[in-house]
Amino acid sequence: MSHPRYSVIIPVYNRPDEVDELLESLSHQTLKDFEVLVVEDGSSVPCKEVADKYRLSMEVRYYAKPNSGPGQTRNYGAERSRGEYLLILDSDCILPEGYLQAVEAELEREPADAFGGPDRAHASFTPVQKAINYAMTSFFTTGGIRGGKKKMDKFYPRSFNMGVRADVYKALGGFSNMRFGEDIDFSIRIFKNGYRCRLFPGAWVWHKRRTDFRKFFKQVYNSGIARINLYKKYPESLKLVHLLPAVFTVGVVLVLLVSLVCPWSLLLLLMFALVIFLDSSLRNRSVWIGALSVGAAFIQLTGYGSGFLRAWWKRCVLGKDTFSAFEKNFYK
């Protein structure tokens, strides 16, 4: 049996509807040389019937395993893959029909051992999802550091849209057992071992992210904790830009305290909120999404910042071991 060019690995936990949308978009790819591995990570609501539905239109293999988190679930799929390149996707992504063709074109233009692409908001996303997408990609919320610019000195792929040569994945041992920040950990090891990693601007996906603000807060709070855990593991990985949400969080607290005696200080927060509102309203062509984006931006910055500060206090000041929060609700 000939080996496919690409192996698409999808870890999933209780998201059959999202897997259905992702597999539907994969079935319409203009480039057909790929296999799909759906790996169920201890779900109580499995998606086997969804995966079976697409067996006639493309090569889909379904696996079920006990819960161990997304990193180890991706490794499980990688061990059973046959492709030359592994494409790691989150279950809440949807692909444009030219996604794989864009990846192929970039690899033909210039080889890469690992790569990743940006994300966008789909027209079908809810206003809250569009607001969260804005917060995670906007220049005004540090979202711009996550990728999308060709001139960055280093691009660190994220696991919602990541590609890597199968032999490189194996050489690196796949994802570590970190439950949060495991994709950045993997990207750091890619660079440390001298492999070539590039941003593929044309290989973008529609990424739903979290569906409400409570889940979004948990996500970014855990990301803030993961950044300190990564710092303890790789001190050189911490950059000045990673401190900005923590500085913003402290600034918000100080402004609120000062406002008790000087209400005019609240103008600082109102000005920031106005910038977010106007920029998002214009970008999304909706004042409602613009208003929601104000909340999403504050959650993104203060959630990440407070998680970062808590982890810094526990690990760097008190000398505690690695930890994380909301583990039982990681996927929810």
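**Surface.** I looked up the surface first: the protein exposes about 15,500 Å², and carbon and sulfur atoms supply 60% of it. Accessible areas here come from the Shrake-Rupley method with a 1.4 Å probe, and for residues only the protein chains shown count as cover.

**Ground rules.** I keep in mind that this is a predicted model, where local features need pLDDT of at least 70, side-chain atom pairs count only at pLDDT 80 or more, and totals for chains, interfaces and linings use all residues. Residues are numbered from 1 along each chain as its sequence is written, and side-chain values use heavy atoms, with hydrogens and water left out.

**Burial.** Next I checked how much is tucked away: buried residues make up 55% of the 332 residues. Buried means under 20% relative accessible area, exposed over 50%, and partly exposed in between (1.4 Å probe, protein chains only).

**Fold.** I found 11 helices and 10 strands; these are DSSP runs numbered from the N terminus, helices being H or I with at least four residues and strands E with at least two. The radius of gyration of the protein is 20 Å, close to the 20 Å that the globule rule gives for 332 residues, so the protein is as compact as a globular protein of that length. That radius is taken over C-alpha atoms, and the rule is 2.2 Å times the number of residues to the power 0.38. Along its principal axes, the C-alpha trace spans about 75 × 45 × 45 Å.

**Salt bridges.** I then turned to charged pairs, and the structure holds 28 salt bridges. Each is a side-chain nitrogen of Lys or Arg within 4 Å of a carboxyl oxygen of Asp or Glu.

I looked at Lys208 and Glu21, whose closest N and O atoms are 2.3 Å apart in a salt bridge. Lys208 lies in the loop between β10 (205-207) and α8 (213-233) and Glu21 in helix α1 (residues 16-27), so the pair ties together parts 187 residues apart in sequence. Lys208 counts as buried at 12% relative accessibility, while Glu21 is partly exposed at 32%.

My next stop was Arg198, which meets Glu106 in a salt bridge (3.1 Å, N to O). Arg198 sits in strand β9 (residues 197-199) and Glu106 in helix α4 (residues 99-109), 92 residues apart. Arg198 is buried at 12%, and Glu106 is buried at 14%.

Arg198 also forms a salt bridge with Glu110 (3.9 Å, N to O). Glu110 lies in the loop between α4 and β6 (114-116), so this pair ties together parts 88 residues apart in sequence.

Last, I noted a network of salt bridges linking Arg5, Glu84, Glu104, Arg165 and Asp167.
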